[in-house]
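Please look through the model below with its aromatic rings in mind. A few notes on them come after it.

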Amino acid sequence: MILTAIALGMAFGGCSKYDDSALWKSVNDLDERLTALEKSVAQMNGDIRAIDALVATLEKGGMITDVKQTDEGYEITVSNSDTPIVVRNGENGAPGADAPVIGVRKDTDGRYYWTMTVNGTESWLPDEEHKLPVTGADGAAGAPGTTPVMGVDTEGYWTVDYGDGPRRIPGDIKATGTAGDSFFADLDESDEHYVVLRLKSGEQLVLPRNNATLAFVATPDGIPPHAYYGGSVTLPVTLRNIEFAELLSVPAGWSGSFDPQNASVTLQAPAEWSADTATEGKVSLIGLAANGQTLIAYQPVYVVDFTHPEGTFVVTEGNMGSQNGTVFYFDQYMQAHPSVYEKANEGRTPGNVLQDMWLAGDRAVFLCQNGKGNGGDGQVVVCNAHTLKLEKAYDDLVFNRPEGSNNVGCPQHLAVVGDKAFIQYVDIALETNAGIRVFDLATGTLSSEDIEGSYGAFASEGALKGRMWVSRGMVVAGLAKAVLFIDPATGNILHRTDFGGQVKGIVKGADGNFHVAVSGDFEGAPSYGAPTPDGSRIVGLDHEGNILYTYDLPDGVRFPIATWQPSVSMCASFTQPYLYLVTGEEFSATSASRFNYETRTLTQEFVTLSGYNSIAGYMGVHPTSERLLVGQSVAYSSSSIGIFDPDAPAEPLAVFDYDEATPAGVDFAYRFSETFIAK
């Protein structure tokens, strides 16, 4: 405003020429001095913060892990901070003989306090009686010291702020505006064990180097190492300049040993699960370095526990001849574990044509159509849910043997409540009739009667060959043309919803309701060659069996009705309003659609496979990642599991191949959890 007034006065004072170059030179010089002054203040405060961080490192027992030279000085990485400390070289020349120099000095109590040097005289800040500590007592967190902040007041004098507002430095020292040297004099890193930083105040900060290493070797994928129950895992360790080290801790219930000669730790996982054992935890080492430094290293580890809520199962049938069923497992880190039943049971297999599974508390129950065929363990196989070690196997269960037949029937799907396993079965291999019976897991006995209303001609009246559910105290199962809600305590049917068409599959959605795929209405026997009717649809049901919605699939989308294809591959997201299902009548389907039951929209061929014969068994959506897992059969002799991102489904994220035939279904521990069952 002053400069503007002067200029206007000249304009109205007359017509004579006026040379204002000296005035503008003065203005420009002032701007330059102010800019230099701002830079000088910023540099000073940057140096103060660096000194503060270095003293904190020293007093808290930290170490220098790396020193990098830069154009402006050094970047120092320390062990107790993720942010490098910047030490400035400064510029040649000083900002004036009177410029203050901030420093630190260790007092008689062993602690560092801030100092200021003016005209060669050093004094405590703010004075001898009220010295400012650099850090809190003993360097403790939560007890910070005071960091002074340099500044310049409106009259151009140096100020310092101790946390209660800026005050002028005693002696009224004028700030010249020249960007000055660093408060650091030099850095000496010639010593193997220490780095020495000398301050302009004369104090030396001697910080130990971390030239010793005690660390577990990182895994290539960053996923913690694992062991099976009763098994062990060996973890390599990096040792450098370590005079002594020993095992400090292991997870609860684990044991371990440290081998310094081979630089490794061997951990033994618990033999069995118990409430006192840790399924995940950390193993740690403590070591003493040659420079007297104490180092601690730790490594997360976990045991493969099949009840983990983020665990994924792929139940695989094998074939009726040369291969028995097997279980492929992905743990919570999506690490693949093939043949987990065999590994837990000395190479034995659960049974021939493994169809389904259920986790019920500490039990895992597997259901095999042909039981001990080809050397399997049985039809109903009960294992410890945490380890999959066999507890009991049952075979030769008679599921309504037809008169004059030697066939005992084929169990296909199940749901478990307490000691009761509700088992859907067909009575002979040609699948003439089907029903649901209760198997008592406590006594090993199978009821001689079917759940009333569940038995009849397969794919026409009797129980559906399809997944069953336990939800809100009920067993939910399909019939050929209906959905049943069964009271597990009495075996009575609480609700029944009938459809004209054939029920092709039932899933429980994220909304807590059931969603049913239904074929078009048909008449006659649903045998091979039967015409496929129009009118396929998806129907929503609540827990009382009330129809919530009906979505008619587009023309040309038909569900098959033949006995050899009684259900379709179908699954639901646990968190999103999506169903994934095969919406084609071809037996060898290579694509799946996605249906949004909130918006009632269908995206056909949402996922398309290539290089495989068909989608095999039930698909599944992971309960937390939302990734879609699709079992795939290759010529009924080997299998693959494709993992797709629903946000980018064009190509699988990963494909796992294994030499076992025909996946029966993808399943999740979360589906059997109390949380989901109560939803």
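Predicted model: local features only at pLDDT ≥ 70, side-chain atom pairs only at ≥ 80, totals over all residues.

1. One of the pairs is made by Tyr 551 and Phe 595, whose ring centres are 4.8 Å apart. Their planes stand at 40°, so this pair is tilted, because only angles under 30 degrees count as stacked and those over 60 as edge-to-face.

2. Tyr 551 and Phe 595 join distant parts of the chain, being 44 residues apart. Tyr 551 lies in strand β40 (residues 547-552), and Phe 595 in strand β43 (residues 591-596). Tyr 551 has a relative accessible area of 16% and is buried. Phe 595 is buried as well, with a value of 0%.

3. Phe 574 and Tyr 670 form an edge-to-face pair, because their planes are at 85°; the ring centres are 5.1 Å apart. This pair also links distant parts of the chain, 96 residues apart. Phe 574 is in the loop between β41 (570-572) and β42 (578-581), while Tyr 670 is in the loop between β50 (663-668) and α4 (674-678). Both Phe 574 and Tyr 670 are buried.

4. Which residues form one aromatic cluster? They are Phe 328, Phe 330, Phe 656 and Tyr 658.

How values were computed. Residues numbered from 1 in each chain as written. Heavy atoms only, no water. Phe/Tyr/Trp six-rings, centres within 6.5 Å; stacked < 30°, edge-to-face > 60°. Helix = DSSP H or I, 4+ residues; strand = E, 2+ residues; numbered from the N terminus. Buried < 20%, exposed > 50% of the residue type's maximum accessible area, 1.4 Å probe, protein only.
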